[in-house]
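Open the model in your viewer and keep the selection panel at hand. The stops below tell you what to select next.

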Amino acid sequence: MAKKLIVANWKMNPASLKEAEKLIAVYKKIKLKNIELVVAPPDVFLEHLSASAAAKGYGRLRLASQDIFYKNKGAYTGEISPKMLKSLGIGYVIIGHSERRRFLGETDAIVNKKVLAALKTGLKVILCVGENLTIRKKGKKAAENFVKTQLQRDLKDITKSQKLTANSLFVAYEPVWAIGTGKNDIPEDAVEMAIFIKNFLKAKSYKLKAAYVLYGGSVNSKNIKNFLKYKDIDGALVGGASVDIKEVKKIFKQLK
Ligand code: PGA
């Protein structure tokens, strides 16, 4: 991927639609040829923000949901389906974020169902994987084995979906200990893991000709370039810094 993909994961921020409009206006002004930009606001703002982006003819900004359910309709109170997102013109979905895995009981089996449903509906998937600190402390091999198992489980039966291409699946490597903590992974370690993930995805079972891997975990204007300068890191998933207007401006200034 020649361009780098930046995914802004707003998480459960900001607190109001008014603030969301203010924030998205900053993203709409970003027009960098080398960057593909995806913004993931809370679902409740998606329709409004996508309608206003379309109305203003803003072509480059893509929107994502931060999660989906794995059925397209039915008695699943509180859930949002892949088809509903598709009908709003939303093209991407983040699946398996570690906050959902840790705090909301999302298992690999659930993540797998969501990935299959999203791909079937034609949504591009940003699949989050990553080890916790206990595992990382055991060393590189332990971290790689953990991530490999996550990928095997999360992508189970994926070939049946017939929809998996390099452009429909982006793996976000986010070491759990680096998320929201201000502690980045060492860029060289992140690159090694990115290469490991790519080799895994290109191996026989998935038959992907290319695979794209993003890095996430306390990415901000001070460190983003340290990660994106490597050809094997195809982009970044930015959380906390993506809802701070000053930081957003600084980040994209860095990437000019
Ligand atoms: P962070 O979050 O940038 O705040 O560490 C990243 C993420 O959770 O996707």
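Which residues does L5 touch, not counting residues up to four places away in sequence? Select L5 and show its contacts (heavy atoms within 4.5 Å). L5 touches E36, V38, F170, L214, D234, G235 and A236, with residues up to four places away in sequence left out.

A note before moving on. This is a predicted model in which residues are numbered from 1 along each chain as its sequence is written. Local features need pLDDT of at least 70, side-chain atom pairs count only at pLDDT 80 or more, totals for chains, interfaces and linings use all residues, and side-chain values use heavy atoms, with hydrogens and water left out.

**Strand 1**

Stay on L5. L5 sits in strand 1 (residues 4-9). Helices (H or I, at least four residues) and strands (E, at least two) are DSSP runs, numbered from the N terminus. L5 has a relative accessible area of 1%, so it is buried. Buried means under 20% relative accessible area, taken with a 1.4 Å probe and protein chains only. L5 and L37 are 32 residues apart in sequence, yet their C-alpha atoms are 5.9 Å apart in space.

Next, select N9, also in strand 1. N9 counts as buried because its relative accessibility is 5%. Its side chain reaches the backbone nitrogen of K11 at 3.1 Å. Beyond four places in sequence, N9 touches A40, Q66, I94, H97, L237, V238, G239 and S242.

**The ligand**

A polar side-chain atom of K11 lies 2.8 Å from an oxygen atom of the ligand. For E174, a side-chain N or O atom is 2.7 Å from a ligand oxygen atom. G180 uses its backbone: an N or O atom there lies 2.6 Å from an oxygen atom of the ligand. Taken alone the ligand exposes 280 Å², and the protein buries 96% of that. These areas come from the Shrake-Rupley method with a 1.4 Å probe.

**Strand 3**

Go to S65 in strand 3 (residues 62-65). S65 counts as buried because its relative accessibility is 0%. Its side chain reaches the backbone oxygen of D67 at 2.7 Å. Not counting residues up to four places away in sequence, S65 touches D43, L46, L85, I90, Y92, V93 and I94.

**Helix 5**

Select residues 108-121. These are the 14 residues of helix 5, which should span 20 Å at 1.5 Å a residue; the end C-alpha atoms are 20 Å apart, which agrees. Color the buried residues: D108, V111, N112, K114, V115, A117, A118, L119 and T121. Their cover includes helix 3 (82-87), strand 4 (92-95), helix 4 (98-103), strand 5 and helix 7. Step past the helix to G122, whose phi is positive, near 90°.

**Helix 8**

Finish with helix 8 (residues 187-202). Its buried residues are P187, A190, V191, M193, A194, I197, K198, F200 and L201. They pack against strand 5 (124-129), helix 6 (133-137), helix 7 (140-154), strand 6 (169-173), strand 7 (212-216) and helix 9 (224-228).

Technical notes. Polar contact = N/O pair within 3.5 Å; in protein donor to acceptor, adjacent residues only side chain to side chain. Buried < 20%, exposed > 50% of the residue type's maximum accessible area, 1.4 Å probe, protein only. Expected span 1.5 Å × (residues − 1).
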